[in-house]
Amino acid sequence: MSQAPSVLVLSGGISHERDISLRSGRLVADDLEAHGVTVTLADPDATLVDRLRSERPDVVWPVLHGASGEDGALRSLLEMMGIRYVGSPSAATRLAWDKPSAKTLVERAGVHTPESISLSRDAFRELGAESVLGVVSDTLGFPVVVKPARGGSAQGVSWVSSTEELRRAMVHAFTYSDDALIERQIIGTEICVGIIDTGDGPIALPSVEIEPVSGHYTFEARYTAGETRFFSPARRDEAELSHAASQALLVHTTLGLRDLSRIDFIVDKTGTAWFLEASVMPGLTETSTVALALDQAGYDVGGVYRALAEQAYRRGV
Amino acid sequence: MGETNTQGIILDPWFDHYAERSSGLSASEVRSLFAVANRPEVVSLAGGMPYVRAISSDQIKNTMARVIDNSGPEALQYGPGQGHPLLREHITRIMALEGIAARPDDVVVTTGSQHGLDLVARLFINPGDIVLAESPSYVGALGVFRSYQADVRHVPMDEEGIIPSALTDTIEAAQSEGRSIKMIYLIPNFQNPAGVTLSAARRLEIIDIAESAGILIVEDNPYGLLWFDQPAPPAMRAAGDKGIIYLGSFSKTLAPGLRVGWVVAPHGIREKLILANEAAVLSPSSFSQLVVADYLSHNDWQSQITEFRELYRERRDAMVTALAHELPGIHHTTPGGGFFLWLTLPDGLNSKEMLPRAVTELVAYTPGTAFFADSRGTQHMRLAFCYPTPERIAEGVSRLAKVIREEVELINTFGPTSTSTDRTEHVASPPPNLA
């Protein structure tokens with residue numbers, strides 16, 4: 001085994017998803033170490049920039065969810081400092097992080113995505129909640145899904161089937177973000193497609209079908225082992241899965257993503273894959289679908305992580 | 001991770017094997033937010049951590065060295081299931097400060113008083129039995145009662161603590177259902193979370209009501225010595241045995257890391273507690289017990305408690321002053337001791353749903369829902385003043401006020417929303433190690 005670059009894994013941060021990031025980061029660090037990589041694990045704080053300047057790690061892996069980890073800010077800084085890192089570039093990260101922007105771009109590329117509207121808190125304040133929600137419910141109908149325009153792990157997400165629930169869902173979403181996305185709920189099979197690229201171009205991993213015991217893939221269902229059943233590959237016919245995989249690759253390239261991503265879809269009864277969101281830093285905890293898909297595809301997870309770190313090192317900034 | 005089959009991949013293959021009492025022990029969106037609370041940028045008014053930095057580390061080092069030098073083999077060995085006799089003697093002297101006359105043989109040492117409560121619940125509660133508790137009540141106790149599948153009924157309280165007439169009404173209502181009421185759980189002094197103290201007169205009334213109804217009282221008293229303005233009334237147990245189980249703790253007066261608490265119970269119960277203690281842990285930590293006993297023997301521990309009182313009083317004052325300045329007109333209790341106050345939000349606000357915004361603004365609190373066995377508490381929050389400095393408390397309250405103002409604006413935009421009935425609310429409180 002050749003000498004691997006040293007990796008500084010960043011996890012934690014002060015986002016709402018800190019807890020998930022800490023768990024993902026610890027697992028990534030363990031898997032890298034098991035594959036001969038020298039790893040330092042750090043929680044980004046006010047000392048990080050000075051530390052990066054003085055230590056100049058070979059590669060940084062920002063296993064950060066939410067806020068500066070996924071909004072592109074930290075990656076911009078790494079690019080400015082000339083430090084190599086694993087993951088999508090800052091501009092792509094920024095696009096994927098903002099769900100309405102990502103939906104617009106992938107729709108232009110020919111990918112189906114549920115009809116939706118993105119509304120700011122200020123818009124409701126200025127135009128009045130009753131009238132705005134009236135237009136929304138008349139146009140989109142029910143059921144809809146309300147989610148913060150930025151953020152992950154299903155935090156702030158509500159599944160809504162009435163106007164009264166919609167008001168409450170808006171308040172819930174606005175506690176996480178100043179913009180909310182109201183999206184027509186597509187009934188079908190929820191699947192995740194992981195994408196990896198260790199140097200030979202992006203590859204779609206086997207799809208993972210999600211079947212939460214409670215019916216919705218909530219925060220609890222995501223992070224409580226046993227509260228969700230996974231099927232990999234998803235229980236759809238081969239042509240539908242092949243279509244979903246190609247759509248996932250199209251989303252990955254359209255948004256300019258790199259190294260590793262996870263693209264979420266609902267596959268409806270006609271076999272159409274509806275894009276929901278893309279994650280530039282998918283969760284890598286024990287209950288995460290990307291880790292599960294790598295395992296199902298026969299990959300050595302730690303080996304893939306090492307290959308991603310080596311690739312980031314070779315690529316430079 | 002396993003093969004896909006018709007059942008799919010279950011990441012926890014034992015998921016269908018868990019006991020019913022574990023239902024609801026799931027990941028929680030609210031609880032995950034508390035992970036942010038231990039970042040230095042965040043002012044945490046959430047956790048109830050004692051300010052152990054106030055204790056001299058030299059005293060603790062010397063204590064531990066003496067324990068090893070003088071009693072090393074004993075400290076590293078199993079001990080009696082009832083606890084070390086020397087420590088039990090000390091405990092009787094501490095309880096005497098609150099009017100309790102007890103003999104060392106009456107005391108059972110436990111791994112923190114939380115463990116004592118668990119043992120009491122284990123001895124008495126069958127699934128479906130009713131436990132009466134204050135409204136609101138300590139989240140850790142609710143967790144214990146839930147784990148034994150108790151049906152917790154909350155009894156209203158006011159600024160003088162639990163209301164006797166309401167207790168009578170609740171007992172009668174439960175009895176009319178033909179249900180078994182096993183105990184009344186109370187924190188009479190500087191209650192967690194409400195910060196109120198049960199008045200002396202009411203203590204006697206409550207004892208009479210419980211005695212007449214044949215219901216045990218579990219008196220949990222971790223904060224009794226930490227009074228600010230005047231000592232708390234004598235402990236309920238000071239009135240005598242009268243079916244009162246008393247829980248004491250060194251977690252607030254010395255250090256929670258030692259995990260030493262105790263139970264005093266009527267004779268028959270005590271004998272069972274010893275057996276239950278042995279079944280659960282064989283014996284409480286000999287090392288920790290000897291450390292506490294040595295500390296009490298060689299240090300002026302009452303002065304240390306006085307120092308804690310002054311420190312926490314200053315922090316209580318800082319919080320009350322900051323609330324008056326930042327949130328004039330908002331209702332909150334003003335505790336005469338302990339660690340917490342209870343704040344009532346303006347109409348329509350939901351403390352649980354507001355928490356993500358608070359975390360964004362770098363302040364944390366515990367939503368009121370954590371302190372109810374049902375879905376109440378949304379309009380309340382518990383604020384802890386025990387850990388942050390007065391300056392940080394002022395900053396935290398300022399941030400909290402901004403969050404509340406923004407939330408009021410949001411509610412004004414959308415109107416009040418219905419309350420949540422999240423099934424994981426009982427665990428949606430900060431873990432004990434979070435400041």
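I will start with how to read the model, then take the contact between the chains, and end with a pair of helices.

This is a predicted model, in which local features need pLDDT of at least 70, side-chain atom pairs count only at pLDDT 80 or more, and totals for chains, interfaces and linings use all residues. Residues are numbered from 1 along each chain as its sequence is written, while chains are lettered from A and ligands numbered from 1 in the order in which they are written.

First, the two chains. Chain A puts 35 residues in contact with 31 residues of chain B; contact means that C-beta atoms, placed from the backbone, lie within 7 Å. On the chain A side, H9(A) gives the most, with six residues. Helices and strands here are DSSP runs, numbered from the N terminus: helices are H or I with at least four residues, strands E with at least two.

S11(A) and S1(B), residues 9-10, pair in the antiparallel sense over two bridges, and DSSP must find at least two bridges for strands to pair. Within this, Phe230(A) stands opposite Ile9(B).

H4(B), residues 112-124, packs with H8(B), residues 267-281, at an angle of about 110 degrees, their axes 10 Å apart. Axes are lines fitted to C-alpha atoms, for helices over the stretch in contact, and angles run from 0 to 180 degrees between N-to-C directions. The two helices are therefore roughly perpendicular, a label for angles of 65 to 115 degrees. From H4(B), Leu119(B), Arg122(B) and Leu123(B) meet residues of H8(B) including Ile269(B) and Leu273(B).

Conventions. Parallel < 35°, antiparallel > 145°, perpendicular 65-115°, else oblique. Contact = placed C-beta atoms within 7 Å.
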